[in-house]
Amino acid sequence: MFPLLSAADVQRMRRFAHECSFDAGSLLLQAGQPGAGLYVLLQGAVEVVQRDGLGHERPIITMRAGHFVGEVGSLTGKPSLVDARAQEGVHALCLPPEQLRALIIAEADLGERMVRSLILRRVGLIEAGASGPVLIGRPDSADLLRLQNFLRRNGHPYQHLDATRDAEAASLMAQYGAAPADALAVCPDGSVLLNPDNEALGRCMGMVDEATLAEVVDVAIVGAGPAGLATAVYAASEGLLVAVLDCRAFGGQAGASARIENYLGFPTGISGQALAGRAYVQAQKFGARMLIPAQVAHLQCHREAGAGTDANAAAGQDQRGAAAAKAAKTVDGGDAGAGAGAAGPLSVELTDGRRLRARCVVVASGARYRRPSVPRLEDFEGRGVWYWASPVEARMCARTEVALVGGGNSAGQAAVFLSGHASRVYMLVRGAGLAASMSRYLIDRIEATPNIELLTHTEITQLEGGDSGLEAVTWRHRQSGEQSRRNLRNLFLFVGADPETDWLQGCGVELDSQGFVRTGGAVERRKGGTPPAPLETSVPGVFAVGDVRAGSVKRVGAAIGEGAAAVAQIHQVLAGL
C-alpha cells in the first residue's frame, strides 16, 4: 500500500514530472477538493489524514522521501478523499493526471506497482469508513439504504451514523428538521443535504463532472457495465478519445453479483464489484473519461454537417497523437483518422442540458429487472423490495427469513449470498426447476445449502406492510392454488429483464418487439448503403453491446467479448468519416 521508491525509480519518473515545493502546514491534497495529481516526495514529511464532513480526523501515515502521495483519484484529478499536509518544508515531483497515466503506460513494471498501491489505498479507505460523506439516519431508512448503495457501487468510502444510537447524529437530524425515516448526508466540505438524490450527493462530493463537454470524442459509451467498460478499455488503450456515461454506477447488474465463479481466469470466483472496479480503474489508466453519474436523455442520430471540422475536433485529433493514429489503422490498411472531420458527430444529450458530441456511439445501457404484476409493489420498493443483494441489504436480513424470486444466475448468486446471513431463503420460481436457466454449479450449491428452500411453480400474489415498510408476503402454487403467507420484511426480485432503451426513442435505432437493439444481420438492409457491421445498429456509427443487444448471451464473459469486438468495427467506421 505504501511502497518506497528506489533512487532508480524516482529517476525514471522525472521525465514525466516537474519539481514543486510546499511550506510547512501547506496542503498537498484536501478532502473534497480536486487533486493536482500524484506527488513523489524528495525531501520533507507529509502527514496523511482521513477527515469527514463533521471534522473528525484519523491519521493514516506520515510519508517521507521515497513515498508517493495519492490514490486512485490521482489518475483523473477527482476530489481527494484525504488531507495530505506538509509537516515541514517539502520538495517533490508533481505528476499531473495525464502525465501520471503516461508514466504508468510507458514504465510498465513501475506502473504496475503504483496502480496496485493506488487501488489498495482506495480499498483501505473504504474498509476504514472514515473518509467521504457522513450518512446519518436509521439503518432501515429507504433513503439511507439508497445512498449507501450508490456510494458502495461507485467504490466511494463513507461513514454511517445511526441516529437512534449516536447523540451527535440525533442532534443533527433535529437541527435540520429531519423526520425519523429521513437521511442526512454531510459532505466533505461540511455542507448538509436532506434526502438528496444520487446526483445531488455526487455533485456535493465532486463526483459529477460538470465540464462543458465542448470536446468531440471518438467514442461515447452509454452504460458502464461489463460491456461498456470493456469497450472503454480497448478503445482508450488504442488511443481513441473515449467518454463513458452512466446514470448510477459502474458495473451494471454484474456489479451487484456477490460472486462470479464461471468467468475465465478466476477459479475461486470474484465479486462483480471487484471485477467492475478493476475495469473502471483500467479504463481510466488509458485515459477514458468517466461521467458517472450522468443521465442520458436522448441520442441525436442526425450528424451535424461539418461540425466535425471545428477547433474542438482538431484538438481531439492532436491529442490522440501518433500512437493513436497507429492504433486506428484498420485491417485493410486504412487510416481511421484520415477522413475524420468530413462528417459531423452524433450528439448525446444529457438531462442537465449538456451535449456530448461523438463520432461513434456505443449503446451499452443494459437491462433492468422486470417488475412483476403484484399489487402495492411500488409502495415497498426501497422499503423491503429490492432488485439487488448487496452487503447493505444482507446486514438487514441477518437471522431473518427472506424471499427471493427468479431462476437465473443472478438469482442463484443472490440466494447463495443471502443464505450466509438470513435464517432461511425461500426461492420462488414459476417453472418446474432451475435447470433451464441456471448454471449447474449454482444449482448444486443451492441444493447443498440447507437454509435455501426452492419453491417451484410458485408466484407472489400479495404484499402487506405500513409506514415501516414490507411486513408480509403471500405466494401461491400455480398448479394446486395453495397459498402461503410469511411474515417477511425483505423480498428480492430477479425476474426477467427489460432493456434500457427509452433514450433511443425517435432516433431511428431499430428495436425488436421486446425493445432490445437489433444489430448486424438482424437489421433491415439500409437503402443504398453498406450493410451494418455485426455489432452496428440501423444507424451508421451507432453500435450496441451487452444485455441491451437483441440476441446477446446474458453472461459477463460474452458482454466483455462484445465490447472488445466493437472496437475493431468502430475503427472501420472512423476510417470512413
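Q: Which residues is Gly251 in contact with, leaving aside its neighbours within four places in sequence?
A: In this predicted model, Gly251 is in contact with Arg153, Ala224, Gly225, Pro226, Leu229 and Ala276. To count as a contact, heavy atoms must lie within 4.5 Å.

Q: Why does Gly251 count as buried?
A: Its relative accessibility is 1%. Buried means under 20%. Gly251 therefore counts as buried.

Q: Where does Gly251 lie, and how far is it from Leu229 in sequence and in space?
A: Gly251 lies in the loop between strand S14 (242-245) and helix H8 (272-285). Gly251 and Leu229 are 22 residues apart in sequence, with 8.0 Å between their C-alpha atoms.

Q: Why is Met13 called buried?
A: Met13 has a relative accessible area of 0%. The cut-off for buried is under 20%, so Met13 is buried.

Q: What does Met13 touch, not counting residues up to four places away in sequence?
A: Met13 lies in helix H1 (residues 7-13). It touches Leu5, Val40, Leu95, Leu103, Leu110 and Met114. Take Val40 from that list: Met13 and Val40 are 27 residues apart in sequence, and C-alpha to C-alpha they are 8.9 Å apart.

Q: What makes Ala169 buried?
A: The relative accessible area of Ala169 is 0%. Under 20% means buried. Ala169 is therefore buried.

Q: Which residues does Ala169 touch, not counting those up to four places away in sequence?
A: Ala169 is found in helix H5 (residues 167-175). It touches Ile136, Leu161, Asp162 and Ala163. Ile136 is 33 residues from Ala169 along the chain, and their C-alpha atoms are separated by 6.2 Å.

Q: Why is Asn409 called buried, with a relative accessible area of 11%?
A: The limit is 20%. The value for Asn409 is 11%, so Asn409 is buried.

Q: Where is Asn409 found, and what is it in contact with?
A: Asn409 is found in helix H11 (residues 409-419). Leaving aside neighbours within four places, its contacts are Asn262, Ser437, Met438, Ser439, Leu442 and Arg555.

Q: How do you know whether Glu536 is buried or exposed?
A: Compare its value with the cut-offs. Glu536 has a relative accessible area of 5%. Buried means under 20%, and exposed means over 50%. Glu536 is therefore buried.

Q: What does the side chain of Glu536 reach?
A: The Glu536 side chain reaches the backbone nitrogen of Gly541 at 2.8 Å. The cut-off for a polar contact is 3.5 Å. Glu536 is found in the loop between strand S28 (498-499) and strand S29 (542-544).

Q: Is Arg399 buried or exposed, and why?
A: Arg399 has 71% relative accessibility. Exposed means over 50%, so Arg399 counts as exposed.

Q: What is the phi of Arg399?
A: Its phi is about 60 degrees, a positive value although Arg399 is not a glycine. Arg399 lies in the loop between helix H10 (391-396) and strand S21 (401-405).

Q: Why does His457 count as buried, at 19% relative accessibility?
A: The cut-off is under 20%. His457 has 19%, so His457 counts as buried.

Q: What is the phi of His457?
A: Phi of His457 is near 50 degrees, which is positive in a residue other than glycine. His457 has its place in the loop between strand S23 (452-455) and strand S24 (458-466).

Q: What kind of peptide bond joins Ile292 and Pro293?
A: A cis peptide bond joins them, with omega about 0 degrees. Pro293 is found in the loop between strand S15 (289-291) and strand S16 (296-300).

Q: How do you know that the radius of gyration of the protein chain agrees with a compact globule?
A: For 577 residues, the value for a compact globule would be near 25 Å. The protein chain has 25 Å, so the two agree. Along its principal axes, the C-alpha trace spans about 75 × 70 × 45 Å.

Q: What does the secondary structure of the protein chain come to?
A: It comes to 13 helices and 29 strands.

Q: What share of contacts between residues at least 6 apart in sequence join residues at least 24 apart?
A: The share is 70%.

Q: How many positive and negative side chains does the protein chain have?
A: There are 55 positive and 59 negative side chains. The centres of the two sets lie 4 Å apart.

How values were computed
Residues are numbered from 1 along each chain as its sequence is written. This is a predicted model: local features need pLDDT of at least 70, side-chain atom pairs count only at pLDDT 80 or more; totals for chains, interfaces and linings use all residues. Side-chain values use heavy atoms; hydrogens and water are left out. Helices (H or I, at least four residues) and strands (E, at least two) are DSSP runs, numbered from the N terminus. Buried means under 20% relative accessible area, exposed over 50%, partly exposed in between (1.4 Å probe, protein chains only). A polar contact is a pair of N or O atoms within 3.5 Å; within protein, one must be able to donate a hydrogen and the other to accept it, and residues adjacent in sequence count only if both atoms are side-chain atoms. The radius of gyration is taken over C-alpha atoms; the globule rule is 2.2 Å times the number of residues to the power 0.38. Lys and Arg count as positive and Asp and Glu as negative; His and the chain ends are not counted. The place of a charge is taken as NZ of Lys, CZ of Arg, CG of Asp or CD of Glu.
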